[in-house]
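Have the structure open as you go through the points.

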Amino acid sequence: MNQVGNGGVSGKAADFESEALPAPIVALLQNQRPWWQTVSPAETFVIRLGIIVLRLLATWLQLRLGVWRRKSSMVPSRSFVDSTYTRIARRYAYAHALTTNGRDAWWRREVAWEVAPFLKRRLRERPTSPPVLLDLCTGTGLSLVEVLRILALENVSVKAIGIDINEAMLGETKNTVAAYGRDWLSDYSGTLEFARADASDLLGRRTRRADLQYFEPCSVACITSICGTGGLTEPIESFRQHLEVLDDEGMIVVLDMHCPIPDLASTWPPFHRQTWPAFEQAAWEEVTVPDVLQKLWAWCDPTLFLHAIPFVTIFVDSSGHHYGFRLLSRQIRTEPWWFGLPVMSMARIVAQKTRITPDEARLKKETLRRIQGALREGG
Ligand SMILES: C[S@@+](CC[C@H](N)C(=O)[O-])C[C@H]1O[C@@H](n2cnc3c(N)ncnc32)[C@H](O)[C@@H]1O
C-alpha cells in the first residue's frame, strides 16, 4: 500500500513475521499493492467516479460543519488538534454522529459491554475500593456516559474519570451529563469526574504542567479510548505509560479507525455476496485518511498504533519484573457508512496488563521494533 499519512502502512514495511499477528494483517502490513493494481481499467474508472462522489460528500460535510480546510495536515500539530476541537466542541456530538452515520453510539456501547463484566469482577474481588475507570480523550464525555449507563444496569459502581486535553470539549461535558444524566445515570451509584490531562503523558514523564492532572503508577483498573488513538503524540511511549498506570491485570479497550483488510472486505447490501476490496482501500486512502481523519478531525491514521499495543512492555525497577499487554481480543471490520457503503473500517483491541518473562519481553520488543520501523516509514 502507498503511504497513507502519519502512522500509515508503507509498502516497504519491515518483516512482520509474528505469531501474534494473523496472516492477513501481516500481509497487509508487509506489502499491500496500490488498489488500482488489483482491478481492471473499467473497475478503476468506476472506483475513481465513486471516489469523486465520496470526496464531494466529505467536502460538503466539512463545509456543513464549518471546518473546511484546503489542505490536510499529515502530522497534526498540537495546536492544529486543539484549534479543531475548540472550534467543533459545541457541535461535536452532531458532527461525530453525522460523519460516522451514527455508528459512534454503537461503538461506545460495545466498549461499555466489554468493560462491564471486567469491572464487575474487579469489584467482587476487591470490594473495599471502587475500581478506577479512565476514559482517555473523552471529548464531551459521550462515551463515558454510555459506559456508566451500562454499568448502572449491571449494578457496578466505579470511580470514573474522563480526561481530555481540550478545554472547550471538557466544557461541554456538563451539557452531556445534563442531557443524558437524568435518564441514564440516575441508577449509577459510583462517581464521575472530568479532568484536563494529556493521554500521551499520563504520568507526567515528559512535562509537569500545573494545569494538567497526572496519575500514579498502578492506580487505574481499566482504560478506555474511543476514537482517541490517532491524536497521541509518541504513541508507543504513550502506551507504555498506559501500561504503567494500569494496576496488575488491569484492562485496556481501544477502539479506532483502521485501514481496511482486503481479506475482510464487507458487502454492500445491493450486492449481497460480493465484496470489492479495491473500493474500500481506495476510499480509505483517498477520502477517509486525507479528508475525514486529517482535515476534519485533525487525526492520524492509527492503524499501526493499534497493532503496537500488544507488544508494548515495561520493566519495573522496584519489583524487577517485566510487564506487557496480553491480547484478549482483536476485531477488525468495515462498517456501513451512509447508504450502507462499506467504507468505514474500524478496529477494537482489548488487552490486559500482565507480568511476562524476560524472554517474552524480548520477543515483544523485537516485534515492536519492526512496527516502529513501519511507523517511521509511513510517517
Ligand atoms: C474524536 S474525539 C473523541 C471523543 C470521545 N472519545 C468520543 O468517543 O466521542 C478526540 C478527542 O481527543 C482529544 N485529544 C487529542 N489529543 C489528546 C491528548 N493528547 N490527550 C487528551 N485528549 C486528547 C481531543 O481534544 C478530542 O476531544
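Predicted model: local features only at pLDDT ≥ 70, side-chain atom pairs only at ≥ 80, totals over all residues.

**Notes around helix H6**

1. Leu142, Ser143, Leu144, Val145, Glu146, Val147, Leu148, Arg149, Ile150 and Leu151 of H6 are all buried.

2. A quick check on the geometry of H6. Its 12 residues, at 1.5 Å a residue, should span 16 Å, and the C-alpha atoms at its ends are 17 Å apart, which agrees.

3. Next, the partner. H6 (residues 142-153) packs with helix H8 (residues 173-184) at an angle of about 10°, and their axes are 10 Å apart. Angles under 35 degrees count as roughly parallel, and H6 and H8 are therefore roughly parallel to each other. On the H6 side the contact is made by Leu142, Val145 and Arg149, and on the H8 side by Thr176, Val177, Tyr180 and Trp184. By class, that contact has 5 nonpolar, 1 polar and 1 charged residues. The spacing is worth a look too: an α-helix has 3.6 residues a turn, so residues three or four places apart point the same way.

4. Now the ligand. Which residues come nearest to it? Of the 21 residues around the ligand, they are Cys137, Gly139, Asn166, Ala199 and Gly231. Helix H3 (78-88), H6 and strand E2 (159-164) are the elements that give two or more residues to this shell. The shell residues divide into 11 nonpolar, 8 polar and 2 charged.

5. Asparagine 155 follows H6, and its phi is positive, near 60°.

6. Serine 157 sits in the loop between H6 and E2. Is serine 157 buried, exposed or partly exposed? With 16 other C-beta atoms within 10 Å, serine 157 is partly exposed; being buried would take 20 or more. Leaving aside residues up to four places away in sequence, serine 157 touches Pro130, Ser189 and Gly190. Serine 157 and glycine 190 are 33 residues apart in sequence, yet their C-alpha atoms are 4.2 Å apart in space.

7. Finally, the whole chain. The protein chain has 12 helices and 10 strands, and 48% of its 379 residues are buried. Among its contacts between residues at least 6 apart in sequence, 80% join residues at least 24 apart.

Terms used:
Residues numbered from 1 in each chain as written. Axes fitted to C-alpha atoms, helices over the stretch in contact; angles between N-to-C directions. Helix = DSSP H or I, 4+ residues; strand = E, 2+ residues; numbered from the N terminus. Parallel < 35°, antiparallel > 145°, perpendicular 65-115°, else oblique. Contact = placed C-beta atoms within 7 Å. Nonpolar A, V, L, I, M, F, W, Y, C, P; charged D, E, K, R; others polar. Near = placed C-beta within 6 Å. Expected span 1.5 Å × (residues − 1). Buried ≥ 20, exposed ≤ 12 C-beta atoms within 10 Å, placed from the backbone.
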